[in-house]
Amino acid sequence: HINLSPNYYWGPLFLSKKNKKELGIYKFINLSKKTKKKIICLGGINKDNIKKINLIKPYGIAAISYFQN
């Protein structure tokens, strides 16, 4: 049996209308160095900051608004 599910969901990664606080890129990088678990980023991801996701290399993203637009 292979477990493909992530171990952590971290967010909100960026600020948005709904999210007044953010984890941010640098905090994400620092926290992810402390674990070997798979991490899914969520919160505040949009077309303006999607390229920043490539810099942090999460296991995946969860971005409802991004995919609806």
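Reader: Where in the chain is confidence lowest?
Author: The structure is a predicted model, in which local features need pLDDT of at least 70, side-chain atom pairs count only at pLDDT 80 or more, and totals for chains, interfaces and linings use all residues. The pLDDT is the predictor's confidence in each residue, from 0 to 100, and its mean over the chain is 84, with 90% of the residues at 70 or more. Confidence is highest in α1, at 90. The lowest mean, 78, belongs to residues 64-68, that is, to helix α3.

Reader: In what order do the elements of the chain run from the N terminus on?
Author: Residues are numbered from 1 along each chain as its sequence is written, and side-chain values use heavy atoms, with hydrogens and water left out. Helices (H or I, at least four residues) and strands (E, at least two) are DSSP runs, numbered from the N terminus. The chain has 3 helices and 3 strands. From the N terminus on, their order is β-α-β-α-β-α.

Reader: What percentage of the residues of the chain count as buried?
Author: A residue is buried at under 20% relative accessible area, exposed at over 50%, and partly exposed in between, with a 1.4 Å probe and protein chains only. The chain has 69 residues. The share of them that count as buried is 33%.

Reader: Which residues does Ile-53 touch, not counting residues up to four places away in sequence?
Author: Contact means heavy atoms within 4.5 Å. Ile-53 is among the residues with the most contacts inside the largest nonpolar core. Residues up to four places away in sequence aside, Ile-53 touches Leu-13, Phe-14, Ile-45, Pro-58 and Ile-61.

Reader: Why is the pair of Trp-10 and Phe-28 given its class, and what is that class?
Author: Rings of Phe, Tyr and Trp (its six-membered ring) pair if their centres lie within 6.5 Å; planes under 30 degrees apart count as stacked, over 60 as edge-to-face and the rest as tilted. Trp-10 in strand β1 and Phe-28 in helix α1 are 18 residues apart, and their pair links distant parts of the chain. Trp-10 is buried at 15% relative accessible area, and Phe-28 is buried at 1%. Their ring centres are 5.4 Å apart and their planes stand at 75 degrees, so the pair is edge-to-face.

Reader: Which residue forms one aromatic cluster with Trp-10 and Phe-28?
Author: The whole structure holds 2 aromatic pairs. Thr-35, in the loop between α1 and β2, touches Trp-10 and also Tyr-8. The aromatic cluster consists of Trp-10, Phe-28 and Tyr-8.

Reader: At what distance does the side chain of Asn-49 reach the backbone nitrogen of Asn-46?
Author: A polar contact is a pair of N or O atoms within 3.5 Å; within protein, one must be able to donate a hydrogen and the other to accept it, and residues adjacent in sequence count only if both atoms are side-chain atoms. Asn-49 lies in the loop between β2 and α2 and is buried, at 8% relative accessible area. Its side chain reaches the backbone oxygen of Gly-44 at 3.0 Å. For the backbone nitrogen of Asn-46, the distance is 2.8 Å.

Reader: Is Lys-57, which has a positive phi, buried or exposed?
Author: Most residues other than glycine have a negative phi, and most peptide bonds are trans. Lys-57 has a phi of about 50 degrees although it is not a glycine, and it is placed in the loop between α2 and β3 (60-62). At 68% relative accessibility, Lys-57 counts as exposed.

Reader: Which residue is joined to Pro-12 by a cis peptide bond?
Author: Pro-12 lies in the loop between β1 (8-10) and α1. The omega of the cis bond is about 0 degrees. The residue that this bond joins to Pro-12 is Gly-11.

Terms used:
A nonpolar core is a set of buried Ala, Val, Leu, Ile, Met, Phe, Trp, Tyr and Cys residues joined through side-chain atoms within 4.5 Å.
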